[in-house]
Amino acid sequence: MNSLKQIVAANITRFRKQKNLTQLEFANKLNYSDKAISKWERADSIPDIIILKQISDLFGVTVDYLLTEHSQNENLLIVEYEKKSKINKISLTLLSSSPIWLVSTIVFTLVAIFLNKYIWYVFFISVPLTILIFLIFNSIWGNRRNNYLIISSFVWSILLCIYLSFIKLNIWQLFILGIPAQFIIVLWSTLKNNHL
């Protein structure tokens, strides 16, 4: 029987390769260094329980599964489960954002029918709200490094939403506010990624 370090090392290596991740890509998903991943896969050290939980969530298995020795055939089942799980997560994310667009469509239609006005800005408002839903679900299931891109999209979509809502005022200078906001997001992402 292999030692616990060797079992965890073999499982992490096998799952990482099944996901077609390099050690660096895997490390980035965990906000860890690739040197730590290398130590784990060589069985020089073992991740702490919090990281084991993150790894198990990333691979769609339990922590207990990571700590148990397995045959190669078992891992094929996990890959199929992961594919189905990823499709379900995407579907759930899209389904969660659909009420925003449904409400916008209902409001637009009712106002158009009863007040004979076309209030397109209800759809403008839907864009940042949808991006916010994507941010929430990406924080739960996705690659958290993408959160910076999603936050940037959120900031710029809010500015665009405000601009389009008051387009008659021609307040293009509003977009200047996005520059320091983008700068802060970029700095925050580099600090967050370099802290380990």
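This is a predicted model: local features need pLDDT of at least 70, side-chain atom pairs count only at pLDDT 80 or more; totals for chains, interfaces and linings use all residues.
At 8% relative accessibility, Arg-16 counts as buried, a label for residues under 20% relative accessible area, while exposed means over 50% and partly exposed lies in between (1.4 Å probe, protein chains only). Residues are numbered from 1 along each chain as its sequence is written, and side-chain values use heavy atoms, with hydrogens and water left out.

The overall picture comes next. The protein has 9 helices and 0 strands, where helices (H or I, at least four residues) and strands (E, at least two) are DSSP runs, numbered from the N terminus. Read from the N terminus on, the order of elements is α-α-α-α-α-α-α-α-α. Of the 196 residues in the protein, 33% are buried. The protein exposes about 12600 Å², and carbon and sulfur atoms supply 68% of this area; accessible areas come from the Shrake-Rupley method with a 1.4 Å probe, and for residues only the protein chains shown count as cover. Contacts (heavy atoms within 4.5 Å) can also be sorted by sequence separation: among those between residues at least 6 apart in sequence, 55% join residues at least 24 apart.

Arg-16 returns in the charged pairs. A search of the whole structure finds 3 salt bridges, each being a side-chain nitrogen of Lys or Arg within 4 Å of a carboxyl oxygen of Asp or Glu. In one of them Arg-16 is paired with Glu-41, and the closest N and O atoms are 2.5 Å apart. Because Glu-41 lies in helix α3 (residues 34-41) and Arg-16 in helix α1 (residues 4-18), the pair ties together parts that are 25 residues apart in sequence. Glu-41 is buried too, with a relative accessible area of 15%.

Another salt bridge joins Arg-42 to Asp-44, with 2.7 Å between the closest N and O atoms. Here Arg-42 is partly exposed at 48% relative accessibility, and Asp-44 is partly exposed at 44%. Asp-57 and Lys-53 also meet through their side chains in a salt bridge, at 2.8 Å from N to O. Both residues sit in helix α4, 4 residues apart, about one turn of the helix. Asp-57 is partly exposed with a relative accessible area of 44%, as is Lys-53 with 43%.

Aromatic rings supply another set of pairs. Rings of Phe, Tyr and Trp (its six-membered ring) pair if their centres lie within 6.5 Å; planes under 30 degrees apart count as stacked, over 60 as edge-to-face and the rest as tilted. By this rule there are 11 aromatic pairs. The ring centres of Phe-26 and Phe-59 are 5.5 Å apart and the planes stand at 15°, so this pair is stacked. Phe-26 in helix α2 (residues 23-30) and Phe-59 in helix α4 (residues 49-59) are 33 residues apart, and the pair links distant parts of the chain. Phe-26 is buried at 0% relative accessibility, and Phe-59 is buried with a relative accessible area of 0%.

For Phe-108 and Phe-123, the centres are 5.3 Å apart and the planes at 50°, so the pair is tilted. Phe-108 belongs to helix α6 (residues 72-115) and Phe-123 to helix α7 (residues 121-141), so parts 15 residues apart in sequence are tied together. Phe-108 is buried at 12%, and Phe-123 is buried at 19%. Together with Trp-101, Tyr-118 and Trp-120, Phe-108 and Phe-123 form one aromatic cluster.
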